Amino acid sequence: MRQLKRIVVGHDLKTGGETALKSAVVLAERCDASLRLVHVVEPHHLYQMISHPMASKNNLEEIVQQAGSKLQEIVASRELPISE
């Protein structure tokens, strides 16, 4: 069986993401692997922007920046073998 070197774990920036992250950390420690922490940001569809123009005050770039900052906080709050 091949040894894992990198593990990608999705995080929804909620408690469910913490559960997935804890499991990935355990696996990474067992395999001496690094982690890549990711979060997916989906753009608003055109019909959503037209029908609800005031629903989202943040544009996509701001949402991505905020998610990135939250992921960095998660990484900084614990010692994780995160790959760059």
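This is a predicted model: local features need pLDDT of at least 70, side-chain atom pairs count only at pLDDT 80 or more; totals for chains, interfaces and linings use all residues.

Colleague: Why is Asp32 called exposed?

Modeller: The relative accessible area of Asp32 is 71%. Exposed means over 50%, so Asp32 is exposed.

Colleague: What makes the phi of Asp32 worth noting?

Modeller: Phi of Asp32 is near 55°, a positive value in a residue other than glycine. Most residues other than glycine have a negative phi.

Colleague: Which value does phi take at Leu13, and where does Leu13 lie?

Modeller: Phi of Leu13 is also positive, near 65°, and Leu13 is not a glycine. Leu13 is in the loop between β1 and α1.

Colleague: Why is Leu13 called partly exposed?

Modeller: Its relative accessible area is 27%. Buried requires under 20% and exposed requires over 50%; the value for Leu13 falls in between, so Leu13 is partly exposed.

Colleague: How do you know that the span of helix α1 agrees with its number of residues?

Modeller: Helix α1 has 17 residues, 15–31, and at 1.5 Å a residue it should span 24 Å. The expected span takes one less than the number of residues. The end C-alpha atoms of α1 are 25 Å apart, which agrees.

Colleague: Which residues of α1 are buried, and what puts them on the same side?

Modeller: The buried residues are Gly17, Leu21, Ala24, Val25, Ala28 and Cys31. They cover an arc of only 135° around the axis, so they lie on the same side of α1. The face turned away from that side carries the exposed residues Thr15, Thr19, Lys22, Glu29 and Arg30.

Colleague: What do the buried residues of α1 pack against?

Modeller: They pack against β1 (6–10), β2 (34–38) and α3 (60–76).

Colleague: What makes up the largest nonpolar core?

Modeller: That core has 12 residues, among them Ile7, Val9, Leu21, Ala33, Leu35, Leu71 and Ile74. β1, α1, β2 and α3 each give two or more residues to this core. The largest share, 5 residues, comes from α1.

Colleague: Which residues does Leu71 touch, leaving out those up to four places away in sequence?

Modeller: Leu71 touches His11, Leu13, Leu37, Val38 and His39. Contact here means heavy atoms within 4.5 Å.

Note on methods:
Residues are numbered from 1 along each chain as its sequence is written. Side-chain values use heavy atoms; hydrogens and water are left out. Helices (H or I, at least four residues) and strands (E, at least two) are DSSP runs, numbered from the N terminus. Buried means under 20% relative accessible area, exposed over 50%, partly exposed in between (1.4 Å probe, protein chains only). The arc is that of the directions from the helix axis to the C-beta atoms. A nonpolar core is a set of buried Ala, Val, Leu, Ile, Met, Phe, Trp, Tyr and Cys residues joined through side-chain atoms within 4.5 Å.
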